[in-house]
Amino acid sequence: MSRSTDSAPAPAETESTSAETTASETDVGTSASGEANADATDAEAPLLAARNISKYYDQSEGFLDDLIGDARPVRAVDGVDLEVRRGETLAVVGESGCGKSTLGRTLLNLESVTGGHIEYRGEDITGLSGSAMQPYRRDLQMVFQDPLASLNPRQTVGEILKAPMEVHGIGESDEERTERVRELLGLVGLKEGHLDRYPRQFSGGQQQRVGVARALTLSPELIVADEPVSALDVSVQAQILDLLDDLQTELDLALCFVTHDLSVVRHVADRVAVMYLGEIIETAPVEELFANPRHPYTKSLLSAVPRIDPAARTDRTVLEGTVPSPADPPSGCRFHTRCPAVIPPAEWAGTQAEFKSAFTFRNRVLGEEIDPEAIRTRLSAESAATDNDAVATRITERFVPDTDAQLPANARKAIENAAARLANGETEAAKTTVTEAFPSPCEDETPRDTPTEGGHVACHRVDPEMPGDPDVL
Ligand code: ADP
Ligand code: MG
């Protein structure tokens, strides 16, 4: 962790500037196999880079298709640019289902990309597999979430750790390999005596130590660790995190640490990439991200992280709504349906909170989340009136409570109008009403990457050419 402070500034400038990308591509072209040229390339290129990569999963032939008649592909990773620099720990964070694991696997060519390129030390390794990938495989290793499932139950720890060395022809003899295995066990805090044991004879924490040792057998340059502690008891999570941190420093490894848990990031990461619905929406050095998060999604994630300081606990931003489907992501900024800072139209007369309240109602109508007949049944159970007016009134009371926001009169009118249409069974008309009454520039255009302190953020509020105060939250 400490080293990266010296190495961070120079590569930081190369990130996401297309001129640099072109330069390193040219290097690859002219130095195809030139060792002599390798160092020149190395100095410029990040260790591993994703250039606009996508990974779509076709669901047209799966059971899901039969079940819900949905043949759109799942856009698990959708246009990601990301660099892992040598010796750094890059954390990739985001809610479950946002595509972190898919990104981790595609970064390592364990799965082929749908689009874009993967570069290792400036060399294009996109789509390489089998023997073509083998020379790179040594350098690029993975630690998985569930250690037991990723270890062969019929092999002893010694066999598990020797297998990759045999495949890659490392070590002159079995004895030499066994010696190396002993070293590795020491490195990850296991004992020589563990060599002849089977995975299930270990605790979860020890199994993950074996998983880490296996990733280290070939002296890699980069390890992608996908939620390496989330399957472990809380009591041993810190030990494994410390182990990874120590190894990273000791062996000068680059670590791509994938996690849904922002609270562990601060202690292990140098840099953070925040992911939402298949896209990277913000990157920043870890201290900068925690001190000065720029994207509303990052702010929301951070506000949910438990703080020791009671004063910092007050202003939690609770995210509205569920994560949309990656098969049908929202238009424009994908976060706009849940964003507390969603930009009102120019003519909006109320406050941000009021717009957010109206916009949330809009999204519930568009998502068909409001069931007027369920409300009618409820009213009937309460022995209240069940006519359309009563249903409409209940919808507005329940979904746009006055306590939340005193909406401008015309906004209130539009909501009442939409509620009346819902109560009347006119769902499409209700959708039209809310769409016309509550538009936002956030749903129209995809936000551009705006450079920030050591990273970038994709949010209209931060983009100087778009409307909206960046400090609204
Ligand atoms: P995360 O690791 O952030 O929880 P994943 O990368 O596992 O997210 O998943 C992202 C999306 O891609 C999810 O909607 C998931 O259901 C889908 N997905 C992941 N792997 C596959 C697969 N092999 N086939 C089909 N869909 C997948
Ligand atoms: Mg995952």
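**Entry 1: α8 and α10**

I started with two helices and asked how they lie relative to each other. In this predicted model, the axes of α8 (residues 157–167) and α10 (residues 204–216) cross at roughly 25 degrees. Angles under 35 degrees count as roughly parallel, so α8 and α10 are roughly parallel to each other. I also noted that their axes come within 8 Å and that the crossing is right-handed.

Next I looked up who does the touching. From α8 come Val 157, Ile 160, Leu 161 and Pro 164, and from α10 come Val 210, Ala 213 and Arg 214. I sorted these by class and found six nonpolar residues, no polar ones and one charged.

A reminder to myself: two packed helices are described by the angle between their axes and the distance between the axes.

**Entry 2: α18 and α19**

Helix α18 covers residues 409–423 and helix α19 covers residues 427–437. Their axes come within 7 Å and cross at roughly 165 degrees. Since angles over 145 degrees count as roughly antiparallel, α18 and α19 are therefore roughly antiparallel to each other. The crossing of this pair is left-handed.

I then listed the contact. On the α18 side I found Ala 411, Ala 414, Asn 417, Ala 418, Arg 421 and Leu 422. On the α19 side they meet Thr 427, Ala 429, Ala 430, Thr 433, Val 434 and Ala 437. By class, the residues of this contact are eight nonpolar, three polar and one charged.

**Entry 3: around ligand 1**

Which residues surround ligand 1? I wrote down Tyr 57, Val 74, Ala 76, Gly 94, Ser 96, Gly 97, Cys 98, Gly 99, Lys 100, Ser 101, Thr 102 and Pro 326. Both β2 (74–84) and α6 (100–107) supply at least two residues of this shell. The largest share, three residues, comes from α6. My tally by class gave five nonpolar, six polar and one charged residue.

**Entry 4: Thr 106**

I stayed with α6 and picked Thr 106, which is found in that helix. Is Thr 106 buried or exposed? I counted 24 other C-beta atoms within 10 Å, so Thr 106 is buried.

Leaving out residues up to four places away in sequence, I found that Thr 106 touches Ile 53, Lys 55, Val 77, Glu 111 and Val 113. I also checked Ala 50, which is 56 residues from Thr 106 in sequence. In space, the two are 9.0 Å apart, C-alpha to C-alpha.

Most residues other than glycine have a negative phi. I therefore looked for exceptions to that rule and wrote down two.

Asn 52 has a phi near 55 degrees, a positive value. I found Asn 52 in strand β1 (residues 48–57). With 14 C-beta neighbours inside 10 Å, Asn 52 counts as partly exposed.

For Asp 252, phi is near 55 degrees too. Asp 252 sits in the loop between α11 (234–251) and β8 (254–259). Asp 252 has 11 other C-beta atoms within 10 Å, so I marked it as exposed.

**Entry 5: the whole protein**

I finished by stepping back. I counted 19 helices and twelve strands in the protein. Of its 473 residues, 41% count as buried. Among the contacts with a separation of 6 or more, 68% are between residues 24 or more positions apart.

How values were computed. Residues are numbered from 1 along each chain as its sequence is written. Chains are lettered from A and ligands numbered from 1 in the order in which they are written. This is a predicted model: local features need pLDDT of at least 70, side-chain atom pairs count only at pLDDT 80 or more; totals for chains, interfaces and linings use all residues. A residue is near a molecule or strand if its C-beta atom, placed from the backbone, lies within 6 Å of it. Helices (H or I, at least four residues) and strands (E, at least two) are DSSP runs, numbered from the N terminus. Ala, Val, Leu, Ile, Met, Phe, Trp, Tyr, Cys and Pro count as nonpolar, Asp, Glu, Lys and Arg as charged, and the others, Gly among them, as polar. Axes are lines fitted to C-alpha atoms, for helices over the stretch in contact, and angles run from 0 to 180 degrees between N-to-C directions. Angles under 35 degrees count as roughly parallel, over 145 as roughly antiparallel, 65 to 115 as roughly perpendicular and the rest as oblique. A crossing is left-handed if the near helix is turned anticlockwise from the far one by less than a right angle, and right-handed if clockwise. Two residues are in contact if their C-beta atoms, placed from the backbone, lie within 7 Å. A residue is buried if 20 or more other C-beta atoms lie within 10 Å of its own, exposed if 12 or fewer, and partly exposed in between; C-beta atoms are placed from the backbone.
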